Amino acid sequence: VQLVESGGGLVRAGDSLRLSCAASGVMFSSFTMAWFRQAPGKDRENVATFTWRGERTYAESVKDRFTISRDGAQSMVYLQMNSLKPDDTAVYYCAARYYYDDPNEYRYWGQGTQVTVSS
């Protein structure tokens, strides 16, 4: 399994950005995919999850602004981020775990992509 994120950058508050995760070696029917983020000095936060069953969940801090999606044919996972705020500034990571893994333990991680939101 290999996860490679892209799409980060510097944007202004209120802008939108879409992150992509190329997920090779992953069958979405067997994997739960997630986006995490970590800001300097803060704990890592799970912002969005797309389970192997097709269920999507979001952190309260991003609900109604972020959307996680996946494309099985392309083995891609996306995070559409709208109405971005300076508090969304962080390194964003794509992660994957098998359906039978501990829900809190992600087995595979990408290298991360920086998102910076200026006020």
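M33 touches L3, A23, V26, F28, A48, T49, F50, I68, V77, C94, A95 and A96, leaving aside residues up to four places away in sequence. Contact here means heavy atoms within 4.5 Å. The model is predicted: local features need pLDDT of at least 70, side-chain atom pairs count only at pLDDT 80 or more, and totals for chains, interfaces and linings use all residues. Residues are numbered from 1 along each chain as its sequence is written, and side-chain values use heavy atoms, with hydrogens and water left out.

M33 lies in strand β4 (residues 31-38). Strands (E, at least two residues) and helices (H or I, at least four) are DSSP runs, numbered from the N terminus. M33 is buried, with a relative accessible area of 1%. Buried means under 20% relative accessible area, exposed over 50%, and partly exposed in between (1.4 Å probe, protein chains only). The C-alpha atoms of M33 and R97 are separated by 6.7 Å. Along the chain, these two residues are 64 residues apart.

Strand β8 (residues 76-81) is largely enclosed by the rest of the structure, because 5 of its 6 residues are buried. Two strands pair if DSSP finds at least two bridges between them. β8 pairs with strand β3 (residues 17-24) in the antiparallel sense, over 6 bridges. Within that pairing, L17 has M81 of β8 as its bridge partner. β8 also pairs with strand β7 (residues 66-71), again antiparallel and over 6 bridges. Here R70 stands opposite V77 in β8. V77 is also among the residues that M33 touches.

β7 and β8 form a hairpin with 4 residues between them. In the turn, S75 has a positive phi of about 55°. S75 is placed in the loop between β7 and β8. Its relative accessibility is 23%, so S75 counts as partly exposed. S75 touches C21, A22, A23, V26 and F28, not counting residues up to four places away in sequence. The C-alpha atoms of S75 and M27 are separated by 7.8 Å, although the two are 48 residues apart along the chain.

The count of disulfides comes to 1, a disulfide being a pair of cysteine sulfur atoms within 2.5 Å. The link joins C21 and C94, with sulfur atoms 2.2 Å apart. It is left-handed, with -75° about the S-S bond. C21 lies in strand β3 and C94 in strand β9 (residues 90-98), so the pair ties together parts that are 73 residues apart in sequence. C21 is buried, at a relative accessible area of 0%. C94 also counts as buried, at 0% relative accessibility.

Salt bridges come next. Side chains of opposite charge can pair when their charged atoms come close. A salt bridge is a side-chain nitrogen of Lys or Arg within 4 Å of a carboxyl oxygen of Asp or Glu. By this rule the count is 5. One of them joins the side chains of E45 and R37 (2.9 Å, N to O). E45 is partly exposed, with a relative accessible area of 26%, whereas R37 is buried at 6%. Another joins D88 and R65 (2.8 Å, N to O). This pair links distant parts of the chain: D88 sits in the loop between β8 and β9, R65 in the loop between β6 and β7, 23 residues apart. D88 and R65 are both buried. R37, E45, R65 and D88 are linked in a network of salt bridges. R107 forms a salt bridge with D101, with the closest N and O atoms 2.7 Å apart. R107 is partly exposed at 44% relative accessibility, while D101 is buried at 15%.

T51 is found in the loop between β5 (45-50) and β6 (56-58). At 14% relative accessibility, T51 counts as buried. T51 touches F31, T32 and R70, not counting residues up to four places away in sequence. R70 is the residue opposite V77 in β8.

On the surface, W52, Y99 and Y100 form a nonpolar patch. Together they have about 330 Å² of accessible area, computed by the Shrake-Rupley method with a 1.4 Å probe, where for residues only the protein chains shown count as cover. Patches are made of residues with over 30% relative accessible area and no salt bridge; like charges are joined within 9 Å, and nonpolar side chains (Val, Leu, Ile, Met, Phe, Trp, Tyr) within 5 Å. Y99 is found in the loop between β9 and β10 (108-109). At 44% relative accessibility, Y99 is partly exposed.
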